[in-house]
Amino acid sequence: MHDEDILIGTLMEDSWLTLEQMAAACAVEPAWLIRHLEEELIPHAESVAGVWRFSGAALIHAQRMRELERDFDAVPELAALMADLLEELDALRARLRGLDG
Amino acid sequence: MQFRDYYEVLGVPRDATADNIKKAFRKLARKYHPDVSKEKDAEAQMKDLNEAYAVLSDTEKRAAYDQLGKGYQPGQDFRPPPDWDAGFEFSGHGYSPNEAAGFSDFFEQIFGQAHARRGSVPAQGEDHHAKVLLELEDAFSGATRQISLRTPKMDTQGRVTLESRTLNVKIPRGIKAGQVIRLAGQGAPGIGGGVPAGDLLLEVKFKPHPRFRVEGRDLFLKLPVAPWEAALGAVVSVDLPGGAVKVRIPQGAQSGRQLRVRGKGIPGEPPGDLMLTIEVMLPPADTPRAREFYEQMAKEFAFDPRQRR
């Protein structure tokens, strides 16, 4: 492997995605995100001087909500609740793996 | 390329109504939901379901698929006739780039071409997203990792195909799960001359480690100690990916008690902490001498662990 083949990226802090990037990654219109943000259904997102920034956790949350709404016609509040529960499940499973290890 | 029978995937007849297709999909989507399913191939099944539903739930795509698939059996070798999709117009399929990348070559061959034609010319190539699975050790020392990705590419005829490519990416020391590495210009190429390519955003995940649990930059670990180390206090050595550290066990430590060693988790600004859960391990009473020790302890200690203290 030559040194020049190695890609060096920029490391982004936890809050890294813009509204447009989030929308593209979730295959939704930015308006869908704004509607859900206004309803406070997407945690891990913050508005700095009127500009939204999204963390990796917000991305997973929004993707799950989007899938639940699309696959099951879930109302946004129910999709958000389910995404919260799945997040909780992830955290508990990670702890369980720690206890087993 | 093999023909895929999307009706068979969803378990519905060819003349199923849109409502029945939706019902069948939901039933199976619940069964194979990767977060909760107990089926061992849930993730692969869910990909197939999503792909089948992306086609059969869309009137335009379903009509095109029905026309194209006449006379084909599942698994049969399939070649779409040239310009078969003339007269069809497809709108977006509503699946994220991550999901769509999991769709089969069959799907890409049929509907990928149609995607390439729609939409206005973007100012810049799209950003691509991918997940990269790292070893915990990579966060301690930094590393260069080979990452293989499947990327949709457009050929000269405007067709989209999935292309595999391998990148060598430098992983910086101190990286956390959920963090993102942005590789400028490694996303989709810009369309037209002088239009810059998009970026590639790599989301970092760690493979589960047999000894450590990671939260942010904090490392959680069980620390087995001997009864005398716990009772009298001791300095013990703990092996970490970045090298061993010495930790003081306080006198009178009990099983389950947590020790925080500041700054000895994953390095970074600020570095994480090492969180040790004390686990007192008893030596086996498997020799007469060992039994004698335990019997003597039983006599000497007025100790009832079940009595509330």
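The following questions and answers concern a predicted model of a complex with chains A and B. Local features need pLDDT of at least 70 and side-chain atom pairs count only at pLDDT 80 or more, while totals for chains, interfaces and linings use all residues. Residues are numbered from 1 along each chain as its sequence is written, and chains are lettered from A and ligands numbered from 1 in the order in which they are written.

Me: What average pLDDT does chain B have?
Reply: pLDDT is the predictor's confidence in each residue, from 0 to 100. In chain B, 84% of the residues score at least 70. Over residues 113–122 of chain B, however, the pLDDT is below 50. The average for chain B is 82.

Me: How are α1(A) and α3(A) oriented to each other?
Reply: Helices (H or I, at least four residues) and strands (E, at least two) are DSSP runs, numbered from the N terminus. Helix α1 (residues 19–26) of chain A and helix α3 (residues 56–72) of chain A pack at an angle of about 45°; axes are lines fitted to C-alpha atoms, for helices over the stretch in contact, and angles run from 0 to 180 degrees between N-to-C directions. Angles under 35 degrees count as roughly parallel, over 145 as roughly antiparallel, 65 to 115 as roughly perpendicular and the rest as oblique. The two helices, α1(A) and α3(A), are therefore oblique.

Me: Which residues of α3(A) are met by A:Met22, A:Ala25 and A:Cys26?
Reply: Two residues are in contact if their C-beta atoms, placed from the backbone, lie within 7 Å. By this rule, A:Met22, A:Ala25 and A:Cys26 in α1(A) meet A:Leu59, A:Ala62, A:Gln63 and A:Arg66.

Me: How many residues does chain B give to the contact with chain A?
Reply: Chain A contributes 30 residues to this contact. The elements of chain A that give two or more residues include α1, α3 and α4 (76–100). From chain B, the number of residues is 31.

Me: Which strands stand at the edges of the open sheet in chain B?
Reply: The four strands have the order β6-β7-β11-β10, with mixed pairing; two strands pair if DSSP finds at least two bridges between them. Each edge strand has a single partner, so one side of each is left without a neighbour in the sheet. The edge strands are β6 (213–215) and β10 (258–261) of chain B.

Me: Over how many bridges do β7 and β11 of chain B pair?
Reply: Strand β7 (residues 218–225) and strand β11 (residues 274–280) of chain B pair in the parallel sense. B:Leu219 stands opposite B:Leu274 in β11(B). The number of bridges is seven.
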